[in-house]
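Thanks for coming, everyone. Let me put the model up and walk you through a few spots I picked out.

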Amino acid sequence: MKSYWTIVYGCQMNERDSEIIAGLLEERGYTRAPALEKADVIILHTCCVREKAENKVYGKLGQLARLKSKNPDLIIAVGGCMTQQPGAAEEMRQKAPHVDLIYGTHNIHELPNLLERVSFLRQPVASIWDTEGEIVEGLPHRTAGGVKALVTISYGCNNFCSYCIVPYVRGRERSRRPEDIVKEVQELVDDGVLEVMLLGQNVNSYGRDLPGEIDFARLLEMVNGIEGLRRIRYMTSHPRDFTLDLIRTLSRLDKVCEHVHLPVQAGSNRILELMNRGYTREDYFVLVDNLRRHLPGVSITTDLIVGFPGETEEDFAATLDLVERVQFDNAFTFMYSPRRGTAAAGLPGQLPLEVKKERLQRLMELQNRISRAKNEALVGREMEVLVEGTSENDPTQLSGRTRTHKLVHFPGSQELIGKLVQVRITQAQTWLLKGEVVA
Ligand code: SF4
């Protein structure tokens, strides 16, 4: 019986893929290895959204080369977004000749067969599909267990934001049929799941490629009707496609959490246009106002890119101004990283690293101050927390999330893990709230 180990980079889409990879392998008799060093097969499921992510993969492959020299029977497989890029497989063969199997984003269901081929042929194999093909339903999956689960509702993206590699490596947008999604959520709930995260590159355009009247609002209504499910989250929302109809629907559905991750990316209209985002900062302000009006207490988080090609100090000041005006609960901030084959990689005015770093620093300082102030405003409030486990750094503390996706640590019995509890917030930090269980 062979054992496997997976190393996952990047977003929740990849996390979900890796659950399917684990399910496929276990169906074929593989078991999860107790440690990386003990595995017969090591799978790296990669990300290519930034250059840093790719460098990490090559760094890890360098470490694995030592393991492979000690154990020549070890099979190393690399797949996902990074290998799906044109020319990436050849590059990997040259840079990391000890990799035995290279697969893409569209054929993870082939993985067990490809691994068998590698064992049989005793030579490297590469299989990358150019096009996405039909959605394969009913694949086995192995989740980490617990009360939360990821559910993919659509694959790929049609937007072609000028900096983004996703449409090239994940293909065009394909929505899963609502009945398949509802069935999967129902099965998860039957297994004890209380919270699902519905995943898509742009959940707001869900269903446009399906026949009939289905859209994201209708899908949420269907999922909201599943008995036993307590919380629904979704990610990622595109501001251009976030309609008032959807906001009204969200306000009616009791299980949909009051948290919207709404990447704005930049605060300058000139840069937003160069990014091909399809909205202006004024549109974004209107959307935020509507969200806050219809969903009282909603938390709004975002993604921001600094140092996009041609970004002037004035453009950057517009981003800082937007952040100050919107008052995000939290933001993921990134330095622009050119991705081969994207429109932005060819734009003039690529900025020096030093400029990007300095802007990132200023942006993070501003956002950290806002995040902390937002958290401090919650001290004294009672909030519902879904207890997910214990704190990584302090096992005496339980750890969970509010409906607004705030991380909360508090002392309590391990029996509370997996339960919804009321917690009074006693202390606030930038990334964390501390509290006590309300008797
Ligand atoms: S919406 Fe834009 S940024 Fe998001 S995945 Fe699609 S192309 Fe990339």
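Thr236 sits in the loop between β11 (231-235) and α9 (244-252); helices here are DSSP runs of H or I with at least four residues, strands are runs of E with at least two, and both are numbered from the N terminus. The peptide bond leading from Met235 into Thr236 is cis, with omega near 5°. Most peptide bonds are trans, and most residues other than glycine have a negative phi.

Some housekeeping before I go on. This is a predicted model, where local features need pLDDT of at least 70, side-chain atom pairs count only at pLDDT 80 or more, and totals for chains, interfaces and linings use all residues. Numbering runs from 1 along each chain as its sequence is written, and side-chain values use heavy atoms, with hydrogens and water left out.

On to phi. Gln265 has a positive phi of about 75°, and it is not a glycine. You'll find Gln265 in the loop between β12 (259-261) and α10 (269-274). Gln327 also has a positive phi, about 60°, again without being a glycine, and its place is the loop between α12 and β14. So which of these is buried, and which is partly exposed? Gln265 is buried, with a relative accessible area of 7%, while Gln327 comes in at 26% and counts as partly exposed. The cut-offs: buried is under 20% relative accessible area, exposed is over 50%, partly exposed is in between, using a 1.4 Å probe and protein chains only.

Now the open sheet. It has 6 strands in the order β2-β1-β3-β4-β5-β6, with parallel pairing. The edges are β2 (31-32) and β6, each with a single partner strand, so one side of each has no neighbour in the sheet. Two strands pair, by the way, if DSSP finds at least two bridges between them. Inside the sheet, β3 (residues 41-46) and β4 (residues 75-80) run parallel and are joined by 6 bridges. Leu44 is opposite Val78 of β4.

Ser127 is buried at 13% relative accessible area. What does the Ser127 side chain pair with at 3.2 Å? The side chain of Glu110, in a polar contact, meaning a pair of N or O atoms within 3.5 Å; within protein one must be able to donate a hydrogen and the other to accept it, and residues adjacent in sequence count only if both atoms are side-chain atoms. Ser127 and Glu110 are 17 residues apart in sequence, and their C-alpha atoms are 9.0 Å apart. Leaving out residues up to four places away in sequence, Ser127 also touches Ile102, Tyr103 and Leu114, among others; a contact is heavy atoms within 4.5 Å.

His106 is in the loop between β5 (101-103) and α5 (111-121), and at 8% relative accessibility His106 is buried too. Its side chain has a polar contact of 3.5 Å with the side chain of Thr105. Beyond four places in sequence, the contacts of His106 include Gln84, Trp129, Asp130 and Arg174. Gln84 is 22 residues away from His106 in sequence and 8.6 Å away in space, C-alpha to C-alpha.

The Glu195 side chain makes a polar contact of 2.9 Å with the side chain of Arg233. Leu386 is one of the residues that Glu195 touches.

Leu386 takes us to β15. Leu386 has Leu420 in β18 as its bridge partner, and β15 (residues 382-390) and β18 run antiparallel, joined by 5 bridges. β15 also pairs antiparallel with β16 (residues 397-402), over 5 bridges, and a hairpin of 6 residues links β15 to β16.

Next, helix α13, residues 353-376. Its 24 residues should span 34 Å at 1.5 Å a residue, and the end C-alpha atoms are 34 Å apart, so the two agree; the expected span is 1.5 Å times one less than the number of residues. Buried residues in α13 include Leu360, Leu363, Leu366 and Ile370. Among the elements covering them are β13 (299-306), α12 (313-326) and β18 (420-428).

Last stop, the ligand. Its surroundings include Cys157, Cys161, Cys164, His238 and Arg277, where near means a heavy atom within 4 Å. The shell divides into 7 nonpolar, 3 polar and 1 charged; Ala, Val, Leu, Ile, Met, Phe, Trp, Tyr, Cys and Pro count as nonpolar, Asp, Glu, Lys and Arg as charged, and the others, Gly among them, as polar.
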